[in-house]
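Please examine how charged side chains pair with one another in a protein chain. The sequence and the model are shown here for reference.

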Amino acid sequence: MHLIAGVIALGILGISGHTLWIDRQNTWEEAERSSRNVLTTIARDLEGKLDLLDLSLQGAIEGLKYLGSQQLSPDLQYRMLFDRAATASFMGTLLVVDQDGNLIADAGPVIASRSLNVADREYFIAHKVNNHIGLYISRPFASRTRHGDPSIGISRKLSDTAGHFAGVVMGSVPLSTINQLFDNLSLGQHGAINLFRNDGILLTRYPYDASQVNQDLGGSPHVMRLLGEKSGTFASVSPIDGVRRIISFERFERYPLVLTVALSVEEIFSAWQRKALVLSLATVVLCCAVVGLTILFQRELKRRTRAETKLRRIARTDDLTGLPNRRAFRETFEREWRHAVRSGSPLSLLYIDADYFKNFNDRYGHGQGDEALRAVAATLENNIRRPRDVAVRHGGEEFAIVLPETDLAGARLIAENIRQSIVTLGIAHEGSPYQVVTASIGIASVHPSRGSERATLLEAADRALYGAKAAGRNCVHHREAEADRQQNRRPHAAA
C-alpha cells in the first residue's frame, strides 16, 4: 500500500513539477526573446544616431582644410564646418578646439570667437596623449555650453599637415537625449537599460539616476562578461543596484559601447509563481488525499492484521503461563530440526515435569497449583538466554525446552540450573518428600542428518524424563540411545 500510494503521489508530483518546469522554461525563453528584441531595436536606433554625429565630426574636420585663408564669408565658413551637423538632431553641441584646447568654432549661428578652453576635458587629453585614437567616447561630464547638463563627448582628433596633434572636434550628447530613446519602453518596475563604454564605465542607464552613472565597473564579473563577449543573454545580480535580472547585451560594431537590456527575474516570474502556487496547492491537496486514504486503508488493514496476529498468538500461547503451547512446540521443533540438518549443528531437547503435582493440587487447590505452574514457567524463561531457545508448556505440569546449536554437555548445564532454580523458589509442597516444589528433567541431544527421524529425539527425551522419575525425581537424567552410538546419527537421552 505504501508503494502504491508513493507511486501515485510521485506521479502527481512529477506531472505537476514537469508542467511547472516547462512553463517556467517557456516564461524564461519569452523574456529572453523580448529583451533581445528591445535590445536590437534600441541598438540600431542609437547606432544610427551616432553615425550621423560621427559624420558631423568628419564634416567639420574636412571643412577646416578650406578655412586657412579666412577669405570666405562667415556664412560660408559656417556651412563648410557644420553643414552636416544640421542632420544630427541627437547632438547637443559641436565644438572645434585647437591644440591648446581653445575654442576655434562651434555650431552656433556664425563663427565667432568666445572664451572657452577644454584642455582639462578627458576627451581632449586622450587625443593629445594618444595620437592613434580614432573616434573617442568620453565619460559623462557637466557641459559648459549647456548649463551643466550631464553629457558625453564623441570626438575625433585634428591633425596638421605633418600629422601632429592640432586640436579636437567634439560633439556632445546630453544624457537626457539618450534616455529619451527609452521613455516609451515598458520594462517593468525593476527593468533597466545600461550603456557601458568598452572599459566598463557606465555612461548612462534607464531609469536615470545621477548617483549611479559614471561608475567604473570594469572589475565586476558581471560587467567583465559583457565586455568579453560580442552578445548574449544571461542572468545575474546587478552590481549597480543588487537586483537579479535577465540581461541581454550587445557590443556595437563601430563604437566602443556595450548596450544592455535587463528585465527583473522577480517580475518575469511573478505570474508564473502565482500559477505555480495554485497548481502546487492543488497537487498537495491531491497528494494528501491519496496519502490520507492510504493511511485510513492501512489502519484498517493493520487493525485486521493485529486481530489475526492476536488470534494466531492465542492459538499458539498457553493461557495460564504465557508460554508457547504444544502447537507452537511442534512448529518450533520442526523448524529447528530442519535448520540442524542443514547446518550439521547439534539440537537438544529438555522435558521438564513438576514432581508430585497432583498431590499439590489436591492439598493446596488448583488456584495455588496455577500459581506454582506460572512460577515454574517464569523460571524456565529466566534460564534460557539465546533468542532461539524456546520454552513451552507441553501439557498439564509438563514443559519442554528446545535448545538449538546446543550439545549434551550444554543442555545438562542448563537443565541443572533450571532444577536448582525451581528448588530455590521454595514453593511449599508438603505432599512431596522434598517439602518444596521440584522438577524432574530429561535431556536428549542429537546431530541430525538427512534421513534421520525426528521422533528419535522426542522419544529419547521422553525416556530420559521417565528415567529421572524412576531415579527418585528432582534430578537431571540422561540415557544414551543405542542407535546414536554410530556417527552421531541418533540422539543421546538424558534425565
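Predicted model: local features only at pLDDT ≥ 70, side-chain atom pairs only at ≥ 80, totals over all residues.

Residues are numbered from 1 along each chain as its sequence is written, and side-chain values use heavy atoms, with hydrogens and water left out.

A salt bridge is a side-chain nitrogen of Lys or Arg within 4 Å of a carboxyl oxygen of Asp or Glu. The structure contains 29 of them.

One of these joins the side chains of Glu 250 and Arg 44, at 2.8 Å from N to O. Glu 250 belongs to strand E10 (residues 244–251) and Arg 44 to helix H1 (residues 2–64), and the two are 206 residues apart. Helices (H or I, at least four residues) and strands (E, at least two) are DSSP runs, numbered from the N terminus. Glu 250 is buried, with a relative accessible area of 13%, whereas Arg 44 is partly exposed at 39%. Here buried means under 20% relative accessible area, exposed over 50%, and partly exposed in between (1.4 Å probe, protein chains only). Both residues also belong to a network of salt bridges with Glu 47, Asp 51 and Arg 254.

A second example is the salt bridge between Asp 353 and Lys 469, at 3.3 Å from N to O. Because Asp 353 lies in strand E12 (residues 347–354) and Lys 469 in helix H11 (residues 454–470), the pair ties together parts that are 116 residues apart in sequence. Asp 353 is buried at 2% relative accessibility, while Lys 469 is partly exposed at 21%.
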